Amino acid sequence: MLLYALRRLLLALPLLIGITFVSFAVIHLAPGDPTAIAQTDPEGRWTPELIKMMREQWDLDKPLHVQYWRWIKRLVQLDFGRSFSQDGRPVIQKIGERLPVTLLLNLIEMIIILLLAIPIGVLSATRQYSLFDKVTSVFVFTGFATPDFWLAQLFVLLFSVELGWLPISGLRHVNAEYFTWWRQQWDFLSHLVLPISVVVFGGLAGFSRYMRQSMLEVVRQDYVQSARAKGLSERVVIGKHALRNALMPVVTILGLSLPGLVGGSVIIEWIFAIPGMGQLMVQSAFERDYPVIMGNLVIVATLTLLANLAADIAYGVVDPRIRFGGRRARR
Amino acid sequence: MRRFAGRALACLALLAGCAACAREVDSAGDDAPRSASERPADGDTFIRPLVGNISGLIPNITSDAHSHEVGSLIYDSLVTFNRDQRFIGQLAESWVQSGDCRRLDFKLRRDVRWHDGRPFTAEDVAFTYRTMIDPKTPTSYKDDFEAIERLETPDPYTVSVTYTKPLARSLMTWGMDMLPKHLLEGFVRAGKLREAPQNWNQPVGTGPYKFASMRPGEKIVLVANKDYFEGRPHLSRVVFRVIPSQSTVFLELKAKGLDSASILSGLTALQFTRQTGYHAFRKAYHKYRYPSNSYTYLGFNLKRPFFADRRVRQAIAHAIDKRELIDGVVLGLAREATGPYKPGSWAYNPNVKAYPYDPPRARALLAEAGWKDTNDEGILVRDGTPFAFELYTNQGNDERKKIAEIIQADLREVGIAVEIRVIEWASFIKEYVKKRRFDAVILGWNITPDPDQFTIWHSSRMGPDDLNTVSYANPEVDRLLEAGRQTCVQAERKQYYDRIQEILAEDQPYVFLYFRDALPVISSRVRGVAPGAAGISYNFREWWVPRPQQRYTAE
């Protein structure tokens, strides 16, 4: 088992290097140049010497493979470099101050989506074509089809501007530092309500439909019939025998969506002025801030590979055929 | 993503951000500011939006408007502008300019202290100068400092500057923020000024506000400097909230979560005219309107055969209906431009050749230049080449996109086919503007109070990194630009710039479109707001809120 995990881990390394190399090349091939951004100011002028100095300092004057080699040499020492943007701060610091917010938001959203989507999926499968099934289908698909920037603004207009129940944007009240501890927590949570609601409404469709589909397949299986034949109550049949098996595909999809947790939703962060990863990435892309773009990419790629690895190992644990069948049949 | 549109007019906010001329206040009648009779009260918090993240708090090495907006409250300079956009002393008590414009002698105030308590002296001025010319300092504002031959500090409160040759805008150079030598010298010497903590969360200036705290991407809090040498600012705290979306800024305004829309830009024309007329908004905010100092233009690549002939450019100027364009794009909230200077400013010349909307005249001029309608498609042709060109502008700026569409329609009327290309900002600048791979562009400039536009029009500034992107070369203009920056006698300079405007109007390297109005709004509880030629935020230190109306406890 350990050997299997190690082998997979070793295989993941060249993959990571490949991913970073291709991305590195693609980003540098994109038109535009980090030094070009601030050069259209009639008042100021970047002297050619200074531009040359910047390019040298950032290795932009070297051939691509040299740049990549230097970058990866620093990376193995966990040095992500400094941002090319005017603040010149360490990449790790820039990502570090934005990642927690994005992770928190995404985790809460994911949990709420699962808590709502699984029961919806199960109930609409067991009551296929019932009124409940139809109403929830319409509801989740409406959420799926509604553009989130539009919904977000409607929510703000109703709940914040008209009713005044919830704050509009940001993460904290401007005077939050004068609040008591409890009020600070309450204030923070109230700022999260609108962005989370918008995302949850839009995200329900996926998981609830997977759940419904998978449940529909499972309830037709023989073992469910035999469970019923044994005289088990419908609750136990569905809740224990069917649900467990029906959850398998959902868990797979969940595993695949884990790397997405570190990427922020650009539009939501934009509208609600949340300083998360989405904003940072868009800004870096516009400014051709290669170190920040690459830093984020390494994190996402690593997480993706780890999530895949974890999924593979988990399969190996539950399914001995995979563990031993490296050369023979695949799953 | 609108802030990148703003970058198209990248500016030195310190000087350019508060430049405007006429005063036209559009405030909500009954509740207009009455500042004269009341005694200013201290206290309250003022909440301002910032549409982008700041990139540092040493304005000398940042060039984005957001950083300058915050920095301008933390730092001071030797001289600044008053309401009428005339120079007044700030850290300098007085100054003398020599007759040949080569020497400037400043007497510094003796009562100025840095936020950490150290006294401000001539040493700091000399240090700031050395920082600016240090090749390792990553600043785009070197040019004017490199024109200095030597800077001497005979005593701690005297600075005398000698320029290698007369420099008209020498005084404006000293609108640059002063930096503390005792904290930054080591960083400058090591070429690591950007990495200094003073550039991030420990800035130390001499200005009316001190840095209090920051949450990156969220907010920056400043507090009143109670020991400020001109008396403490009345508003006790200033909170800058980072809100990238303009529509969220507007929603926050509606809910009274902000005390101003951006002081630099303000509302959109649509918000100003149609969406803020209701009673509650008029009660909560005062709206202001005055011409901003940025203009939008249609620029021709003069190296392209289409536009080499002046008559063609004049024809296009006649073919564009500027009035319709202003009404359509900014709902009339702009002034027609006739040249690169703002109507009403001292350098502006009203008597230049005008180009009224006149399609028949345009067609006649085009015919003179050899463009005839010989096929059935209605497109003019010369030597077998149809008159069809590509018009470029940057993504994320709706105004410019609309302008492009109106120009496209107007030119189609006279037989010119225009194809519009909208390109993302970084690629646009790097791949098209710098490499001169365009037929025509729609862009804008922020102009400075000093009329010197050498970098934009002089034929020596046509290199890839330079700003004369249309490759305009006129020997007479070159000569006038050189003369204009070498004297500081305003009457003499006016003659040069008047003539430059006449030539530019005749040559039409750009079709100058319009100067957009600035449309700021400010909470109606704030008193002391008095927009003038210098804009609206020049006297922020004097704004105040009467006790009963103070909304936040700040101390």
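**View 1. A network of salt bridges in chain B of the predicted model.** B:Arg109, B:Asp111, B:Glu230, B:Arg541 and B:Glu542 are linked in a network of salt bridges, a salt bridge being a side-chain nitrogen of Lys or Arg within 4 Å of a carboxyl oxygen of Asp or Glu. Over all chains, the count by this rule comes to 54 salt bridges. The model is predicted, with local features needing pLDDT of at least 70 and side-chain atom pairs counting only at pLDDT 80 or more, while totals for chains, interfaces and linings use all residues. Residues are numbered from 1 along each chain as its sequence is written, chains are lettered from A and ligands numbered from 1 in the order in which they are written, and side-chain values use heavy atoms, with hydrogens and water left out.

**View 2. The interface of chain B with chain A.** In this interface, 69 residues of chain B are in contact (heavy atoms within 4.5 Å) with 47 residues of chain A. The two chains bury about 5300 Å² between them, 54% of it on carbon and sulfur atoms; buried area is the accessible area (1.4 Å probe) that two parts lose on being put together, summed over both. Five salt bridges are counted between chain B and chain A, and the side chains of A:Arg172 and B:Glu218 meet in a salt bridge with an N to O distance of 2.9 Å.

View 3. B:Lys219 is found in strand β10 of chain B, where helices (H or I, at least four residues) and strands (E, at least two) are DSSP runs, numbered from the N terminus. With a relative accessible area of 8%, B:Lys219 is buried, a class that means under 20% relative accessible area, with exposed over 50% and partly exposed in between (1.4 Å probe, protein chains only). The side chain of B:Lys219 makes a polar contact with the side chain of A:Glu177 at 2.8 Å, and a polar atom of the B:Lys219 side chain lies 3.0 Å from the backbone oxygen of A:Val174. A polar contact is a pair of N or O atoms within 3.5 Å; within protein, one must be able to donate a hydrogen and the other to accept it, and residues adjacent in sequence count only if both atoms are side-chain atoms.

**View 4. Two salt bridges between distant parts of chain B.** The side chains of B:Arg525 and B:Asp259 meet in a salt bridge (2.6 Å, N to O), linking the segment after β21 with the loop between α8 and α9, 266 residues apart. B:Arg525 counts as buried at 5% relative accessibility, and B:Asp259 is buried with a relative accessible area of 0%. The side chains of B:Arg311 and B:Glu368 also meet in a salt bridge (3.9 Å, N to O), joining helix α12 to helix α14 across 57 residues of sequence. B:Arg311, at 32% relative accessibility, counts as partly exposed, as does B:Glu368 at 48%.

**View 5. The largest nonpolar core.** This core has 95 residues, and those with the most contacts inside it include B:Leu298, B:Ile316 and B:Phe428; a nonpolar core is a set of buried Ala, Val, Leu, Ile, Met, Phe, Trp, Tyr and Cys residues joined through side-chain atoms within 4.5 Å. Strand β20 (residues 510-518) of chain B gives the most to this core, with six residues. Leaving aside neighbours within four places in sequence, B:Leu298 is in contact with residues including B:Ile316, B:Leu391, B:Val441 and B:Leu513.
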